[in-house]
Amino acid sequence: MEAMISVPRPKNESERLAALRRYRQLDRVAEKDFELLTKVAAEICDVPFALISLIDDDHVTSVASIGMPNAVLARDEACCSWAILQDGLLEIPDLSRDQRTARLRLMTETGMHMYAGTSLSTKDGFHIGTLCVLDKKPHSLNNHQRELLSGLARQVMALLDLRAHEQMLMEALVREQYLASVDMLTGLLNRRVLFERFDAEIDRSRRYSTPLSMALIDLDHFKSINDTFGHAAGDAVLSSVGEIVKTSIRSSDIAGRYGGEELCVVLPQTTAEGAYALAESLRKQIEESMISIDGKTITVTASIGVTTMQTNCKGALQILNAADEALYQAKHAGRNKTVLG
Ligand SMILES: Nc1nc2c(ncn2[C@@H]2O[C@H](COP(=O)(O)OP(=O)(O)OP(=O)(O)O)[C@@H](O)[C@H]2O)c(=O)[nH]1
């Protein structure tokens with residue numbers, strides 16, 4: 001048996017692959033809109049099969065199809081790999097009579113005989129995939145069908161562009177929302193979002209009569225850490241404490257940076273005892289942590305004020321004041337302590 005022909009790569013292959021990556025998520029989305037376009041292609045060309053394929057480094061993946069299920073083929077096994085080598089339509093009226101395709105499993109195993117595929121070309125001219133039609137009977141398309149198939153490929157590309165843009169916008173939005181809500185140093189919520197979420201939790205707690213507690217964490221003698229080791233070291237300490245807090249709380253808890261070296265954890269559906277236990281665990285973890293910076297190891301302790309929302313609570317400020325008062329007592333009692341107010 002003759003060996004299968006290996007399909008040459010386009011001259012601009014690496015740039016072509018980079019262009020394809022801009023549409024990276026789309027090969028996982030078999031969308032109804034794309035399927036409809038394959039159906040239209042099959043109708044126009046009066047054939048039972050049509051596919052939209054994206055052509056990656058080694059594979060050709062059909063992302064939408066009619067008449068056959070979506071599949072992944074090795075690049076040397078796909079007619080589409082030949083189609084992207086040229087501009088315009090590649091038409092092979094009988095695969096068995098063309099030396100490029102006569103050995104393809106598509107032909108020998110599934111009995112496919114006719115192929116017509118047109119490249120999906122990006123605005124900068126890279127052929128990232130194809131819209132193609134197939135038939136088990138050998139035949140050619142007429143000029144009208146060729147023209148419509150090429151026009152339809154441009155519509156497929158326009159839809160791919162639209163989806164890629166939507167995706168980019170969504171990612172940018174998620175990134176913006178993240179940047180606008182997180183304190184970069186500690187990785188916890190910033191003060192504004194912390195208070196928005198805190199207010200919402202107060203409302204929820206009132207409505208459902210569930211407990212709500214909070215812990216205010218203040219690093220001890222932080223000024224002397226800055227003075228001794230430098231501001232960058234102080235930042236590293238804050239970042240490390242932020243990480244301890246982030247990894248110790250539940251996903252329903254809300255942790256934020258309240259002020260310079262003060263962190264705040266809002267604990268929905270948590271009693272005073274539960275909040276005290278969590279605060280103690282945080283305090284111990286902070287005390288035991290060794291923060292290495294520039295070959296030096298820095299240790300730090302924290303004082304924590306814990307409080308829980310009372311039934312007659314007037315709002316966030318009242319809870320914060322109570323936690324602050326408990327924190328003051330923790331500092332007054334010698335620091336590295338948790339006080340329940
Ligand atoms: N490195 C660094 N330092 C900060 C940051 N925000 C606030 N600080 C410093 O934190 C220090 C807080 O000092 P103080 O309020 O006197 O409190 P303290 O030294 O921790 O003393 P006690 O709280 O009483 O134990 C100040 O020196 C601030 O400049 C920050 O983002 N990075």
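**Exercise 1. Which residues does Ser 181 touch, not counting residues up to four places away in sequence?**

This is a predicted model: local features need pLDDT of at least 70, side-chain atom pairs count only at pLDDT 80 or more, and totals for chains, interfaces and linings use all residues. Residues are numbered from 1 along each chain as its sequence is written, and side-chain values use heavy atoms, with hydrogens and water left out.

*Solution.* 
1. Apply the contact criterion: heavy atoms within 4.5 Å.
2. Ser 181 then touches Leu 188, Leu 189, Asn 190 and Val 193.
3. Ser 181 is found in helix H5, residues 143–181. Helices (H or I, at least four residues) and strands (E, at least two) are DSSP runs, numbered from the N terminus.
4. Check the side chain. One of its polar atoms lies 2.9 Å from the backbone oxygen of Gln 177.

**Exercise 2. At what angle do helices H7 and H8 pack, and which residues make the contact?**

*Solution.* 
1. Two packed helices are described by the angle between their axes and the distance between the axes. Axes are lines fitted to C-alpha atoms, for helices over the stretch in contact, and angles run from 0 to 180 degrees between N-to-C directions.
2. H7 (residues 222–229) and H8 (residues 231–248) pack at about 135°, with axes 6 Å apart.
3. Angles under 35 degrees count as roughly parallel, over 145 as roughly antiparallel, 65 to 115 as roughly perpendicular and the rest as oblique. H7 and H8 are therefore oblique to each other.
4. H7 contributes Phe 222, Ile 225, Asn 226 and Phe 229; H8 contributes His 231, Ala 233, Gly 234, Val 237 and Leu 238.

**Exercise 3. How are H6 and H10 oriented to each other?**

*Solution.* 
1. H6 (residues 191–208) and H10 (residues 316–332) pack at about 105°, with axes 10 Å apart.
2. H6 and H10 are therefore roughly perpendicular to each other.
3. Phe 195, Phe 198, Asp 199 and Ile 202 in H6 meet Ala 316, Ile 319 and Leu 320 in H10.

Notes: A polar contact is a pair of N or O atoms within 3.5 Å; within protein, one must be able to donate a hydrogen and the other to accept it, and residues adjacent in sequence count only if both atoms are side-chain atoms.
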